Amino acid sequence: MVLSLYTHGKKINKQKAEEVRRLALVFPCSFGTFPTRERSKRRIKHDRPIVKATNEEKKKEKMHSGEFDCYFLNLWKGFSEDKRSEFAYLDSMWFGLYLTASFKGKVLTWIRTKQIFSKTYVIVPIVCWGHWSVLILCHLGETSESKDRTPCMLLLDSLEKANPRRLEPDIRKFVLDIYGSEGRAANKKLISKIPLLVPKVPQQRNGEECGNYVLYFINLFMQNAPGEFSINKYPYFMDKNWFSPECLMRFFEELELFEK
């Protein structure tokens, strides 16, 4: 079946829609519909009674991109305009779409509208191999010679045993293509010098929580990240007291309340 889809608010043709459908088979937890609180007034007859999923069953379901974006936008609106002005964020589907050759140009065009080189931090949700993580690009518009605003990349992953660094080749190519699409002088050697750091972060308890953890990491980073920092001082704002089990559980409870 060929689908008609909208990406970044624009309708894509049937051929592109079919490619997105195939991509969804590769990245199963990245595609879905936005959760809605409105119920259809149309009554539908069923041959069997509908059994509502329990809370435990819901927790076992992986987060879809629509759900993720809905939760994220709720978090985003909770920050002040001054704080949001330091950040840019990319749509949760863009990195996965970038990995499909036919969508690469589109994604780079969309990224240009975000003006990421004027931001201190850029949040890049990643979903690959059915798993969520988050890449944070820091001081991307600065030069490597800067002492106070050093370019670097942070990859936060709640499943360290899955080897987050296997994403590094794709991440560096992604950043290189972003530089090129913006008309900025860059080459593989320059991009290879930008540090990619994988901080120690809380690890998920099962195979379905990665989307929740990514939202937690983003929320905590936006709360605590300074206006600027040097790679030489990293990770002074991500010390052992940055995370706490109590904070993590409270955040998950707030997500459940938002869903209701």
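A: With strand pairing: two strands pair if DSSP finds at least two bridges between them. This is a predicted model. In it, β5 and strand β6 (residues 152-156) pair in the antiparallel sense over five bridges. L135 stands opposite L155 in β6.

Q: How many bridges join strand β4 to β5, and in which sense do they run?

A: Eight bridges join β5 to strand β4 (residues 121-128), and the two run antiparallel. I123 stands opposite I136 in β5.

Q: How do I read burial along strand β5: is it covered or open?

A: Use the cut-off: buried means under 20% relative accessible area. By that test, eight of the eight residues of β5 (residues 131-138) are buried. Then look at each face. H131, S133, L135 and L137 are buried on one side. W132, V134, I136 and C138 are buried on the other. Both faces of β5 are covered.

Q: Now a helix. Which residues of α3 are buried?

A: General idea first: an α-helix has 3.6 residues a turn, so residues three or four places apart point the same way. Now the case. The buried residues of α3 are S65, G66, F68, D69, Y71, F72, L75 and W76.

Q: What about the length of helix α3?

A: Compare its reach with the expected span. Helix α3 (residues 65-77) has 13 residues and reaches 18 Å from first C-alpha to last. That is close to the 18 Å expected at 1.5 Å a residue.

Q: Which residues have the most contacts inside the largest nonpolar core?

A: A core here is a set of buried nonpolar residues joined through side-chain atoms within 4.5 Å. The largest one has 41 residues, and L154, L215 and F221 have the most contacts inside it. At least two residues of this core come from each of α3, β4, β5, β6, α9 (210-224) and α10 (245-259). The most come from α9, with 10 residues.

Q: How many cavities of 30 Å³ or more are there?

A: Two. The largest cavity holds about 70 Å³ of space. Its lining includes I126, C128, W129, H131 and S133, with D157 and R166 also among them. The elements giving two or more residues to that lining are β4 and β5.

Notes. Residues numbered from 1 in each chain as written. Predicted model: local features only at pLDDT ≥ 70, side-chain atom pairs only at ≥ 80, totals over all residues. Heavy atoms only, no water. Helix = DSSP H or I, 4+ residues; strand = E, 2+ residues; numbered from the N terminus. Expected span 1.5 Å × (residues − 1). Buried < 20%, exposed > 50% of the residue type's maximum accessible area, 1.4 Å probe, protein only. 1 Å grid on protein atoms, 1.4 Å probe; cavity = no way out; pocket = protein on both sides within 12 Å on 5 of 7 lines; lining within 4 Å. Points joined across faces, edges and corners; volume = space filled by probe spheres on them.
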